[in-house]
Amino acid sequence: MNIKNNKRRKKSQEKIEKAFIELLQTHDIKKITVSDIIKNTGLNRSTFYANYIDIFDLADKTREKLENDFSNLFADYDYFNERTGALKMFTHIKENQIFYQTYFKLCYDDKHLISIYDTMRAEKEHIDGNIKYHIEFFRNGLNAIIKLWLAGGCQESPEEMAEVLNQEYRGR
């Protein structure tokens, strides 16, 4: 395999993803075209199609990459047993607002949302067997809180948001 071509392909993919993310900040995904992407990158149409089937394939691959980046950030951290975990999450969100805004825009079917949960804690607190409903409720509530915070420009501090989450979790 030609290393030079691999680097060139990776660089082309990064350019395409960057242009796509920039366009997503001002355009609905259904309005973004391959022509928009190649105009912004200076790449050929064939380069786009060598890497992606269409805009929605690019969206799926970008979303998967963002999910992996998020998972890697918190891979070894038990962040809901301590307030510091929620603080770490909200600090990262505030420092990477475009990343998260893009992620939620790519969750156009709402099947792929930030999915973090301390199942051991939940099992201890929900002995009645309805844990699957609580997990779904909490996951969707957390995503709603994050989306609302992002929409407001992250005006509250990460500390304040960690406390909001802490109060909601304890207040049940």
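So, a nonpolar core here is a set of buried Ala, Val, Leu, Ile, Met, Phe, Trp, Tyr and Cys residues joined through side-chain atoms within 4.5 Å. Buried means under 20% relative accessible area, with a 1.4 Å probe and protein chains only.

Quick housekeeping. This is a predicted model, where local features need pLDDT of at least 70 and side-chain atom pairs count only at pLDDT 80 or more, while totals for chains, interfaces and linings use all residues. Residues are numbered from 1 along each chain as its sequence is written, and side-chain values use heavy atoms, leaving out hydrogens and water.

Okay, the overall picture. The protein has 9 helices and 0 strands; both are DSSP runs, H or I of at least four residues for helices, E of at least two for strands, numbered from the N terminus. Of the 172 residues, 37% are buried.

Now the core. The largest one has 36 residues, and Phe20, Ile37, Phe48, Ile55, Phe90 and Ile93 touch the most other members. Helices giving two or more residues to this core include α1 (3–24), α5 (83–95) and α8 (131–151). Take Ile93: leaving out residues up to four places away in sequence, Ile93 touches Tyr100, Ile146, Trp149 and Leu150, where contact means heavy atoms within 4.5 Å.

What about the loop between α1 and α2? Ile32 sits there. Ile32 has a relative accessible area of 5%, so it counts as buried. Beyond its neighbours within four places, Ile32 contacts Phe20, Leu23, Leu24, His27, Ile37 and Ile55. Ile32 and Phe20 are 12 residues apart in sequence, and 8.1 Å apart C-alpha to C-alpha.

Over in α5 we have Gly85, which is buried because its relative accessibility is 0%. Gly85 and Ala162 are 77 residues apart in sequence, yet their C-alphas are 8.4 Å apart.

Last stop, how do α6 and α8 pack? Their angle is about 125° and their axes are 11 Å apart; axes are lines fitted to C-alpha atoms over the stretch in contact, with angles from 0 to 180 degrees between N-to-C directions. So α6 is oblique to α8, meaning not under 35 degrees (roughly parallel), over 145 (roughly antiparallel) or 65 to 115 (roughly perpendicular). On the α6 side you'll find Gln97, Tyr100, Gln101 and Phe104, facing Asn143, Ile146, Lys147 and Leu150 of α8.

Definitions and conventions
Buried < 20%, exposed > 50% of the residue type's maximum accessible area, 1.4 Å probe, protein only.
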